[in-house]
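Thanks for asking me to look this over with you. My notes follow as numbered points, beginning with the strands and ending with the helices.

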Amino acid sequence: MISMGDYQIQCTACGRLYPDTGSNECPDRHAALQRTVYSAQRLPCADLTGMMRFYDWLPVHNRPVVTAGPVTYKSEVFARELGLSHLYVTFNGFWPEKAAAIKTCSFKELEAVPTLARAAEKKSGILVVASAGNTGRAFAQVAAGMNTPVVVVVPKKSLPRIWTTVPADTVLLITVEGDYSDAISMSNYIADLPHLTAEGGAKNCARRDGMGTVMLDGATTIGRIPDYYVQAVGSGTGAIAAWEASQRLVRDGRFGHHLPRMVLSQNHPFIPMANAWNAGRREIDPMTDMADATQAISEVYADVLTNRNPPYGITGGLFDCLTETGGEIAAVRNDEARRAQT
Ligand SMILES: [Zn+2]
């Protein structure tokens with residue numbers, strides 16, 4: 001049976017519900033994240049491969065054939081190392097023995113699939129994506145697989161991170177001098193050109209709901225919403241997506257009635273969200289929370305986590321997510337990250 005995957009968009013500021021036009025802005029221009037509201041309150045799991053089994057909670061009507069999807073398993077060895085008895089890992093990468101088939105090895109593929117599909121359905125124009133590496137690689141891979149055009153803008157030093165497993169004739173790759181923020185500036189300029197459009201980053205509900213399949217896979221595998229959700233964050237969009245997916249699971253009713261507590265981390269010394277949150281502020285103050293940003297960014301071990309304009313204070317963003325879930329953000333130093341990796 002083919003479900004139509006009916007949904008509407010809702011502004012998290014004014015609550016207005018409206019049909020999806022492909023825009024990522026409230027019709028009344030509120031500065032707030034716009035969310036999907038699905039008519040299917042109980043999560044149906046379709047008999048499809050990868051993330052498309054959660055198709056009814058994705059803002060698309062067509063169903064691209066993809067293998068990419070999250071895979072959740074109960075950790076034994078790592079859990080023992082940490083002294084935990086109920087640790088589940090949602091793996092987003094390539095691991096054939098576990099049927100994990102994200103070919104670029106980045107969970108950004110989960111964002112790229114519904115985002116490119118939604119843009120094609122809504123005839124939004126050719127998407128322009130800024131990236132420090134993972135997002136660009138994921139969008140290039142998925143666009144090539146779907147034979148759909150995309151423009152990817154990355155810092156020059158991220159170029160070695162951009163590759164695909166198939167020929168990518170529909171991908172235009174542009175490199176810029178500077179860091180991720182410079183790539184974002186250039187992508188905004190390009191997106192204003194005719195027939196092109198900014199994909200919207202965290203503001204794009206398709207990106208968030210694509211990443212939200214991590215929580216859906218986790219909860220359907222475990223049988224309940226987890227008590228804690230742990231992730232390293234640059235923009236925090238993955239955590240926002242997990243929070244939104246959890247709210248839907250609570251409304252579903254079969255997976256428990258609590259939201260998972262968000263346990264997030266940023267890489268010291270570039271930790272604007274950790275600084276603002278731990279000071280109890282909704283707004284990031286550039287002078288105190290990310291002084292010497294360029295220098296701090298150049299020092300971090302995980303430079304994919306260095307977003308200078310995260311969706312933190314915006315209505316429906318990470319501050320609201322942490323507030324509602326009783327969450328926290330820790331600062332992790334490079335030596336701690338290396339030790340944990342070992
Ligand atoms: Zn609004």
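1. Two strands pair if DSSP finds at least two bridges between them. Helices (H or I, at least four residues) and strands (E, at least two) are DSSP runs, numbered from the N terminus. This is a predicted model, in which local features need pLDDT of at least 70 and side-chain atom pairs count only at pLDDT 80 or more, while totals for chains, interfaces and linings use all residues. Residues are numbered from 1 along each chain as its sequence is written, and side-chain values use heavy atoms, with hydrogens and water left out.

2. Start with strand E1 (residues 7–11), which pairs with strand E3 (residues 34–38) in the antiparallel sense over 5 bridges. Have a look at Tyr-7: its bridge partner in E3 is Tyr-38.

3. E1 also pairs with strand E2 (residues 17–18), again in the antiparallel sense, over 2 bridges. Here Ile-9 stands opposite Tyr-18 of E2. The hairpin of E1 and E2 has 5 residues between the strands, and Gly-15 takes a positive phi near 80 degrees in this hairpin.

4. In a regular strand the side chains alternate between the two faces of the sheet. Along E1, Tyr-7, Ile-9 and Cys-11 point to one face and are buried (under 20% relative accessible area, with a 1.4 Å probe and protein chains only).

5. Now to the helices. Helix H5 (residues 205–222) and helix H6 cross at roughly 55 degrees, and their axes come within 7 Å. Axes are lines fitted to C-alpha atoms, for helices over the stretch in contact, and angles run from 0 to 180 degrees between N-to-C directions. The pair is therefore oblique, a word for angles left over once those under 35 degrees (roughly parallel), over 145 (roughly antiparallel) and 65 to 115 (roughly perpendicular) are taken out.

6. Helix H6 (residues 237–252) also packs against helix H10 (residues 318–325), at an angle of about 50 degrees with the axes 9 Å apart. H6 and H10 are therefore oblique to each other too. In contact (heavy atoms within 4.5 Å), Ala-239, Ile-240, Trp-243 and Gln-247 of H6 meet Leu-318, Asp-320, Cys-321, Glu-324 and Thr-325 of H10.

Terms used: Buried < 20%, exposed > 50% of the residue type's maximum accessible area, 1.4 Å probe, protein only.
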